[in-house]
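Here is my note on the model you asked me to look through. Please keep the structure open while reading the points.

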Amino acid sequence: MKNIKKILAGATAVATLMAMAACGSSNESGDASDSQNLTIAWWGNQDRNEKQDAVDKAFEAANEGVSIDGQPSEWSDYWQKLSTSAAGDSMPDVIAMDYSYFNEYVENGLIIPLDEYIEDGTIDTTNIDESILASGQKDGSQYLISSGSSSPAMIYNKTLLDEAGIEMPEEMDLDEFKALAKEVYEKTGVKTNFRYYEASELLEYVMRGEGKTLFEDEGLGVTAEDVEPYFDVYEEGISEGWHISPEVFAEITAGSVDQDPVVYGSDPSSMSWVSFKFTSQMPAMQALTDDDLALAPWPAADVTAANYIKPGQFWAISKSCENPQLAAEFINYYTNNEEAVTTMGTDRGLPVSSAMMTVLEEQLSADEQEIATFLNDVVTPNSSAINPPSPAAASTVNSQTLPEIEENILYGAITAKDAAATFVEEANAAY
Amino acid sequence: MSQASAAPGRRLGNAGVQFKKQGRFARFMTSEKTSGVVCALPFIIGFLVFLLVPILLSFYYTLTDYSIIGEAEFIGLQNYIDMFSDDKFFKSLGVTFFYALVSTPLRLVFALFVAMLLLKNSKVSGFYRAAYYLPSILGGSVAVAILWKQMFAADGVINQVLGMFGLETDFAWLGNESTAIWTLIILGVWQFGSSMLIFLASLKQIPTELYEAASVDGASKARQFWKITLPLLTPTIFFNLVMQSINGFLAFTQCYIITQGKPRNSTLFYMVYMYDESFTRHHAGYGAALAWVMLLIVGLYTGFLFLTKRFWVYDEEA
């Protein structure tokens, strides 16, 4: 009995202590609600993470008492982490947002409007072009601030093509692309990666070149006949031998810049001369190879109709953010501070503020200059307005339907014709 | 409060008298039943908050179109109905059954074999037991999964070793539909450590008199194994079979890190499909329904094993 009493006495004491401790910490967390801690999450690669860390540190130095916790992830992990934290109402304060997820997050009230911070001048948008701002608006409110402009681009191995004496045309359609890929393979043994197992932007782009919209609000805006030429590239590529074998992709993470077959791989048969990316991914890829990489527009029947300037990535403030004022200051710092802009360079695309673009232009490296020239001289004059943000169904198409159909073609399980029919059926079912 | 009541007790120096003076509440608080409950409370609270609530909540979600980032809307049994027309559901179920039903027996045979080898007591047997147990700690980890991926790559260690034996090849073990699942099965078999330890413990329980009597009667080692060791081990085999099969059905890391279901979903584990549905494609309601179906399957399978028990498991009391 005595022992039990002791235990109970001890338990009571512990409970009291815990209660006191809880009081203590709740006082502290009372301060924390307007505390100076900011969690920032983005997707990226080694190169971008280092640059972003430098910007975060500079922001900390410029604002006394502020502490930033940066949380980088790979693209696919990023969205899984973000949705899970959204379910638990514990999202990071400032989050990187992509055009394809914008609708889903706004409709579920997970990101907050920035209007009041723009009105009171916390976020200065005076030097940002109206069309760039518009891409981050929904229902009359500004939700997103673009963190850089980019455009679709083939990032190709110029050294390899030069050595083989192959001329890269300024623009091409799918048939010309296939002929080129075949020529490269015959002359160098290096194969082609036609954006295999990645999201549907290339298919969307090719459809734009035919004057069609892939994702419409209530279903696909295309028929099986429309998409068949896209799947034909895989079928011909694998039967003629110039597309990378799907077995190679079983060993790498598709879509990862660090493991892209242009810069990764030990043998011509597992390497590609071209990667279908966005201009913002060029510096990270160039950092991984000694060969000279260059940019060209993706192929389409009508490149001007197909190509577009993409307000690359965006910053948004999550609804879990306890100090949106500070978060807004950070977004403004990222957008309008010379040090931040020059640190990031063109990593997320060209700066959206025209004043900052002028500052950056003077100190661009050769590679970054190449991106700026490509965007300003090649894409801007020959492009059309970007499609509206995709409906929620696109996430199923991007992560499952399209990659698996491409895989089935490359493994020879289905023909391009069947693939096109299956794609249209399954993508429509995802709505 | 209890401190206050304890102090006068000490002053009187007579616990018995003090005990009588306690009120009903104090008596209630100091009864054995109460203290038992108090001591178990951390677990009970943990179970209620972290297990029971999520379990019930997940069942509710199976009846909704919960998307993780949005509100859940009640849709009745639609998720369960959808499963019947979901090819990927059947595909992943087939892959998972194949994996569990092939890797578990292989793992048990291997574990028993190594346990027999390690049964002899010598100076180094402790070291070997620890060394062979290590894979079952490491085997489920991300690092080993990545290592496995490198080993079975076209230019990986496996092919280089084969090359040393004159079998030059750049065969893509992970990229081929017929071999990819086997790399995962081999990794599963390699994690035989915990079954091995249990076998080792029960091998030591077998009375040595039985073997002595058998040798006197002239029974060979092999006959002793089949007639003494194996029958007496059946309860342990049964236990390992149940536990390891369940582990097999619930396998996740190997597939998620090494193959991600590639090629052509030939290695798509059920748990990974469930995870993808829930978190990548935001069909958390459907994902929860998949989880409950798996619970049912594991329950039925275990029940089936228990039904077969009386036909092959040695029961001391019978």
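This is a predicted model: local features need pLDDT of at least 70, side-chain atom pairs count only at pLDDT 80 or more; totals for chains, interfaces and linings use all residues.

1. The contact is made by 33 residues of chain A and 39 residues of chain B. About 3100 Å² is buried between the two chains, and 54% of that area is on carbon and sulfur atoms. On the chain B side, B:Ile69, B:Lys262 and B:Arg264 lose the most area to chain A, and together they account for 23% of what that side buries.

2. The interface of chain B and chain A has 1 salt bridge by the rule used. A salt bridge joins the side chains of B:Lys88 and A:Glu404, with an N to O distance of 2.6 Å. This pair passes the cut-off because the nitrogen must be within 4 Å of the carboxyl oxygen. Across the same interface, 12 residue pairs are in polar contact.

3. Four helices of chain B, namely H3 (24-30), H4 (32-62), H14 (253-259) and H15 (270-280), each give at least two residues to the side that touches chain A. The largest share, 6 residues, is from H15(B). Sorted by class, this side of chain B holds 17 nonpolar, 12 polar and 10 charged residues.

4. An unreviewed UniProt entry lists several spans of chain B as "transmembrane region", including 97-119 and 284-307. In the model, residues 97-119 of chain B are 91% helix and 0% strand, with end C-alpha atoms 33 Å apart. Residues 284-307 of chain B are 100% helix and 0% strand, and their end C-alpha atoms are 35 Å apart.

How values were computed:
Residues are numbered from 1 along each chain as its sequence is written. Chains are lettered from A and ligands numbered from 1 in the order in which they are written. Side-chain values use heavy atoms; hydrogens and water are left out. Contact means heavy atoms within 4.5 Å. Buried area is the accessible area (1.4 Å probe) that two parts lose on being put together, summed over both. A polar contact is a pair of N or O atoms within 3.5 Å; within protein, one must be able to donate a hydrogen and the other to accept it, and residues adjacent in sequence count only if both atoms are side-chain atoms. Ala, Val, Leu, Ile, Met, Phe, Trp, Tyr, Cys and Pro count as nonpolar, Asp, Glu, Lys and Arg as charged, and the others, Gly among them, as polar. UniProt positions are given in the numbering used here, feature names are shortened, and annotations may be inferred rather than shown by experiment.
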